[in-house]
Every structure is written in structure tokens, then in C-alpha cells.
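Notebook open, structure loaded. I'm jotting down what I look up as I go.

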Amino acid sequence: MTEPARLSLNTATVKDQWTLTECIEACVRHGIGGIAPWRDKLIECGVDEAARRIRDAGLRVSGLCRGGWYTVDGRLSDAVVDDNFRAVDEAEAIGAECLVMVVGGLSPGSRDIVAARELVAEGLQRTLEYARLARVPVAIEPLHPMYAADRACVNTVGQALDLCDMLGTGIGVALDVYHVWWDPDLAAGIERAGSEQLLAFHICDWLVPTNDLLLDRGMPGDGVIDLSGIKGMVDATGYKGLIEVEIFSEHDWWTRDPDEVLRIMVERGRSIT
Ligand code: ZN
């Protein structure tokens with residue numbers, strides 16, 4: 001049974017309904033232990049104001065979404081580097097337990113995924129040097145391979161860990177079940193990461209059928225992912241972080257009363273052993 005205090009609300013789950021302030025108040029109301037803001041909601045609230053409200057509410061911050069997008073300019077541009085430095089600053093200001101990285105897909109007009117991956121490694125290295133000084137852990141989120149072209153060319157836990165091992169300390173993995181549940185090497189990857197490199201754990205569910213490959217994620221329990229099984233693998237590492245619920249759902253959960261969304265989220269959490 002996963003108690004609500006172990007859960008974290010990724011603000012994307014109710015992105016169309018609530019501001020960050022409303023999300024913070026709702027977490028307290030529902031006994032949810034943490035929050036993971038997206039940067040647009042954070043900026044809208046004001047970083048210092050958000051930091052104060054989160055602290056006053058007694059919430060942990062399981063992560064800040066998100067940095068990365070290293071390939072968007074076809075090279076490591078100043079704009080991209082600076083934006084990632086700002087993301088580190090924001091993560092530090094709100095006491096985020098990690099900065100989640102969606103690293104970027106192919107550069108515009110390119111068919112060279114090897115070059116994209118090299119650019120990503122170079123970008124992560126630059127961000128990491130800065131993040132280490134701020135003591136903000138950097139968490140690479142491997143994305144499902146269907147997003148390799150347009151969102152992230154890091155697609156498995158093993159690939160992300162190879163990058164981490166190459167880059168050194170201060171970097172690990174954000175494990176999102178939506179992206180990795182299918183991977184035959186998942187158990188080995190989680191064990192290899194251990195509690196040192198496992199920096200975040202995101203849950204939702206894979207619906208069958210899935211009507212939109214980005215915006216039709218399911219509420220935990222409504223799909224085919226063995227959430228208790230994967231949580232068992234995560235727990236076995238000694239992971240002490242929160243379990244973050246991150247649901248993009250244009251036609252279902254984003255249209256509902258957000259208090260109902262949180263109530264069901266808490267209920268479903270309890271059914272994850
Ligand atoms: Zn995620």
C-alpha cells in the first residue's frame with residue numbers, strides 16, 4: 001500500500017485546471033507528500049514566491065520539469081546552455097531533489113541520431129558542471145523510443161546509465177514507467193542504477209488502446225503496466241524518493257474536477273503494494 005505521503009503531484013497531471021499555488025494547497029488537502037512543478041507554472045507563480053509557499057506547506061519537491069532540449073539549435077547554443085543554467089537555479093531555489101532532463105531528439109532537418117546523442121552528452125556535461133556547484137542532481141529521463149526523433153534520443157535506462165557513468169557524479173536517472181515498462185532489461189537497469197543513480201520515479205499507466213502517443217496517459221490502475229512489480233524493483237534498491245504521478249490526458253483527466261483527480265490518484269496509490 002502506497003500512502004499519499006509517499007506520492008508527489010506532477011503539476012502536469014492537472015495542468016489545465018490549477019495554478020501552482022492551487023496545486024500546493026490541494027496536495028496539503030489530500031495529504032500528498034510532494035510536488036513536482038513544471039517550469040511554466042513556476043515562472044507564472046514567481047520562483048521565490050513558489051519556494052516560500054512550498055516550504056510553508058511542508059512539501060518535498062520530487063523534481064523540477066524540465067531541462068534539456070540540447071539538440072534544438074543543431075549545436076550547443078548559448079541560448080540552450082543558459083536556459084539549462086536557469087533551470088538549475090530554479091531547481092535550487094525550490095529545493096528540488098532533481099532537475100529532470102528531456103534531452104532532445106534529432107536536430108532540425110537532421111537524420112543523424114549518433115550526432116544528436118553526442119550533442120546531448122556534451123550538453124549534459126555543461127549543465128552538470130554548473131549543477132554540481134549548486135548541488136542540484138541532474139536526472140536524465142529516458143523516453144520511449146517513439147519520441148527519439150522529436151523529444152529525446154536517450155531511450156532506455158541502460159543507455160541513460162551509460163551516459164551517467166561517462167559523466168561522473170551528480171547525475172542519474174528519472175524512471176518513468178510510461179517510457180520504460182516494455183524494456184526487457186528494465187529489472188537489470190533499475191538494479192544497476194541503485195539508490196545512488198535512481199533520482200526520481202514517475203508513474204501513470206499505459207492504456208490499451210492508446211489514442212494519442214503524448215496526451216493519452218492513464219491513471220495508475222487503468223492500463224497494463226505492472227506498477228506494483230516495478231515499484232518492488234525500485235524499493236529493492238533502497239530508493240527513498242517520492243512516487244510522482246505524472247499524467248498527460250487531454251480528453252480525460254485534464255477535463256475533470258481536479259479534486260476528483262487527486263482523490264482517485266490517492267486511492268489508486270493505496271492499491272500499489
Ligand atoms: Zn516523467
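Predicted model: local features only at pLDDT ≥ 70, side-chain atom pairs only at ≥ 80, totals over all residues.

**Entry 1: A96.** I then checked where A96 sits: it is in the loop between helix 4 (78-93) and strand 5.

Next I wanted the neighbours. Leaving out residues up to four places away in sequence, A96 touches V61, G63, L64 and A91.

**Entry 2: G67.** Buried or exposed, I asked of G67? Buried, because its relative accessibility is 2%, against the cut-off of under 20%. G67 belongs to strand 4. Its contacts, again without residues up to four places away in sequence, are N84, L99, V100, M101 and V102. I logged a distance here too: G67 and V120 are 53 residues apart along the chain, and their C-alpha atoms are separated by 12 Å.

**Entry 3: the largest pocket.** I moved on to pockets and took the largest one, which has a volume of about 350 Å³. Its lining has 23 residues, and the closest to the centre are A12, W38, R66, E246 and F248. Which elements give two or more residues to that lining? I noted helix 2 (39-45), strand 4 (64-68) and strand 5 (99-102). Helix 2 gives the most, with three residues.

I sorted the lining by class as well, and it splits into 11 nonpolar, 10 charged and two polar residues.

**Entry 4: helix 6 against helix 8.** Helix 6 (residues 157-167) packs with helix 8 (residues 186-197) at an angle of about 35°, and I have the axes at 9 Å apart. The crossing of the two helices is left-handed.

Who makes the contact on each side? From helix 6 I listed V157, G158, L161, D162, C164 and D165. From helix 8 I listed L186, G189, I190, R192, A193 and Q197. By class, that contact has six nonpolar residues, with three polar and three charged.

Key:
Residues numbered from 1 in each chain as written. Heavy atoms only, no water. Axes fitted to C-alpha atoms, helices over the stretch in contact; angles between N-to-C directions. Helix = DSSP H or I, 4+ residues; strand = E, 2+ residues; numbered from the N terminus. Left-handed = near helix turned anticlockwise from the far one by under 90°. Contact = heavy atoms within 4.5 Å. Nonpolar A, V, L, I, M, F, W, Y, C, P; charged D, E, K, R; others polar. 1 Å grid on protein atoms, 1.4 Å probe; cavity = no way out; pocket = protein on both sides within 12 Å on 5 of 7 lines; lining within 4 Å. Points joined across faces, edges and corners; volume = space filled by probe spheres on them. Buried < 20%, exposed > 50% of the residue type's maximum accessible area, 1.4 Å probe, protein only.
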